[in-house]
Amino acid sequence: MDAPDYQLITKSDELAPALAALWASPVIGLDTETTGLDAHSSRLRLLQLGTPERSWIIDLFHFPAGALGPVRELLAAPHPVKVAHNAKFDAKFLLKHAGVRLGGIFDTYLASLLASAGNESDRHSLEAVVQRYLGIQLDKSAQVSDWSGELVGYQLDYAARDAAILLPLREKILERLDEFDLMVAAGIEFECVLPMAEMELAGFYLDSGCWRAQLERVRAAHREASDELQSELGRGASQMSLFDAPPQINLDSPQQVRDALARIGIEVEGTSESKLHKLAREHAVIKRLLEYRSLSKSLSTYGESMLDFIHPVTGRLHADFRQIGSPTGRITCSQPSLQQVPHTVEYRSCFRAPEGRKLVVADFSQIEMRILADFSRDRALTEAFHSGADLHRTTASQMLGVALESVTPAQREQAKSLNYGIVYGMGAEGLANRIDSSVQEAEVLIEKYFAAYPGVDRWLRDAAERAVKEGRSRTASGRLWVYNFDVFDRAQMAQMRRVGKNAPIQGTASDIFKRAMTLVDAGLKEKDAQIVNLIHDEIVVECAEAIAEEVAGIVEGAMVAAGREFLTRIPVIVEAVVSDAWLKK
DNA sequence: TAGAATCGCCAC
DNA sequence: AAACGTGGCGATTCTA
């Protein structure tokens, strides 16, 4: 593609005519060039803005932040719409280096992801998307050039072209979004971009001293467990002589562990947690092995590596959040994953509010079950939520036909397993495995569950049938997942039925969650408060101590409002707690 | 020997 | 073989 008509702007008197044309355009392309990928340690060099007729390249090295006034106004306004590819990136740099909250975003990256409807083989780089939608091959070689020095012609051509291509690209993707009824879902996604950028830029504070102390405790326990297991498992090994140490077993190798267990007379098919768990009661060595595994996991995944992610400039963790991380629309997080920190006080208390600040930890109460109740219109499940009583206890009471007060803890646990398992399409074997019962007993429990909630039974069967018949599913916002299962493969068909039950529920939960994020962010706009983490149904906000209670109220209200946009028949409950650390008090 | 595949396990 | 859905990640094992 040839370079479009463009003008390089290095003086403030050149801005006015450009701004006049940009304000007059309903949609403009936006791109930035930066000296690196990290907004805290890199600089913003160029801001490219394009109308269909013309592009402008603003060299920000020539503009102190104060001189950008009128441009900031344009960028913050909801109109004109700004088309950008992966706008989160540009939004972070604009926020950090120009103090602008980018408004009116149309993100071609997110749009492309939505339009691909869960097809994970599609790539979504600007290059790939331009190729797919416009049939044009882009040359991206200038992207990684040095953007900190004197700019040369090919860099400016490249910069102008990337902004100009976004407008025709948006047109084509819009056609596809419209064709697939994805406009509502796209709107939800676009509104999340700025909150996501703000969150990543702010980062999540981790007390490194606390974390190191925790690691030391785990290390000691790990050594102890390892020594004990080596001597236990070494017993079965043949020894050269009495004075030779028994050969070391690699406890992290499932193969070696299985062989070692066999030598001391314990035969196992697999060494996974669920298989071993059942044997843990009769064999102390297995119980120890499971403890060892858990400690290993702690050390490897949540060990020093977490500290390596602390940013040298901000002293905080700036994880990478993928806004559409799964086909159901869930957000995922990596480097580090702040969504899988062990749910124990020892770990979570290290994520705490800095001096003078508080964390507000707010999560939806049983949102997926509420969605299931709303979708299925099951009378008993609906009643269970309206009663306000403990869901699992109520489920047990309704299944077993006993009074609420006489439900035993064991019965409640079984009902809980059913409530959680059922939205994943769990079968009798799965339940039996989980609650340590026979398959027959599990079958009886499932029958009782569906007898108590016949509407749920009907909805789940129907969802599975629809999934198979249509080969796709949608969430409440219309988010689409076109399945890629092999219809000639029995196992894959069974999986498709389970996904058909789960995807609309999990996906609607992420619709609600994303709306919640937008509303929370809007509610906190003028406050000294900032979203710092997102975990599927939980939002963590850091704020000034003095306004913590008020912020908790705003967060709770916003999340409830988001839930009510989608659930009309079932109450939405959010628990918001003010805390010094990432704990629900 | 580097990268892919697999296992196992953390979160929701 | 799989058996409960979505992910990320680390260690081991396999493979080209």
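Is Cys543 buried or exposed in this predicted model? Cys543 is buried, at 0% relative accessibility.

**View 1. Cys210 and Cys350 form a disulfide.** The predicted model holds one disulfide. The sulfur atoms of Cys210 and Cys350 lie 2.4 Å apart, inside the 2.5 Å limit for such a pair. The bond is left-handed, because the torsion about S-S is about -70°. Cys210 belongs to helix α9, residues 208-234. Cys350 sits in the loop between α14 (345-348) and β9 (357-364). The bond therefore ties together parts that are 140 residues apart in sequence. The two partners can also be described by their accessibility. Cys210 is partly exposed, with 24% relative accessibility. Cys350 is buried, with a relative accessible area of 0%.

**View 2. Cys333 lies too far from Cys192 for a bond.** The closest cysteine sulfur to that of Cys333 belongs to Cys192. The distance is 15 Å, while a disulfide requires sulfur atoms within 2.5 Å. Cys333 is buried, and its relative accessible area is 9%.

**View 3. Helix α5 crosses helix α7.** Helix α5 covers residues 126-134, and helix α7 covers residues 166-179. Their axes come within 10 Å. The crossing angle is roughly 65°, and the crossing is left-handed. From α5, the contact residues are Leu126, Val129, Val130, Tyr133 and Leu134. They meet Leu166, Pro168, Leu169, Lys172, Ile173 and Arg176 of α7. By class, the contact has nine nonpolar residues, no polar ones and two charged ones.

**View 4. Ser510 is buried in helix α22.** The helix runs over residues 490-523. Ser510 has a relative accessible area of 6%, so the residue counts as buried. Which residues does Ser510 touch, not counting those up to four places away in sequence? Its contacts are Thr328, Gly329 and Arg330.

**View 5. Four strands make an open antiparallel sheet.** The strand order is β12-β13-β9-β14. β12 (529-534) and β14 (574-579) stand at the edges. Each has a single partner strand, so one side of each is left without a neighbour in the sheet. From one strand to the next, the twist averages 20°. β12 pairs with β13 (residues 538-544) in the antiparallel sense, over five bridges. Leu534 has Ile539 of β13 as its bridge partner.

**View 6. Strand β3 pairs with β2 and with β4.** Strand β3 spans residues 44-50 and is mostly covered. Seven of its seven residues are buried. Strand β2 (residues 27-34) pairs with β3 in the antiparallel sense, through six bridges. Here Thr34 has Leu44 of β3 as its bridge partner. The pairing of β3 with strand β4 (residues 55-59) is antiparallel too, with five bridges. Gln48 is bridged to Ile57 of β4. How many residues lie between β3 and β4 in their hairpin? The hairpin has four residues between the two strands.

Note on methods:
Residues numbered from 1 in each chain as written. Chains lettered and ligands numbered in written order. Predicted model: local features only at pLDDT ≥ 70, side-chain atom pairs only at ≥ 80, totals over all residues. Heavy atoms only, no water. Buried < 20%, exposed > 50% of the residue type's maximum accessible area, 1.4 Å probe, protein only. Axes fitted to C-alpha atoms, helices over the stretch in contact; angles between N-to-C directions. Left-handed = near helix turned anticlockwise from the far one by under 90°. Contact = heavy atoms within 4.5 Å. Nonpolar A, V, L, I, M, F, W, Y, C, P; charged D, E, K, R; others polar. Pairing = 2+ DSSP bridges.
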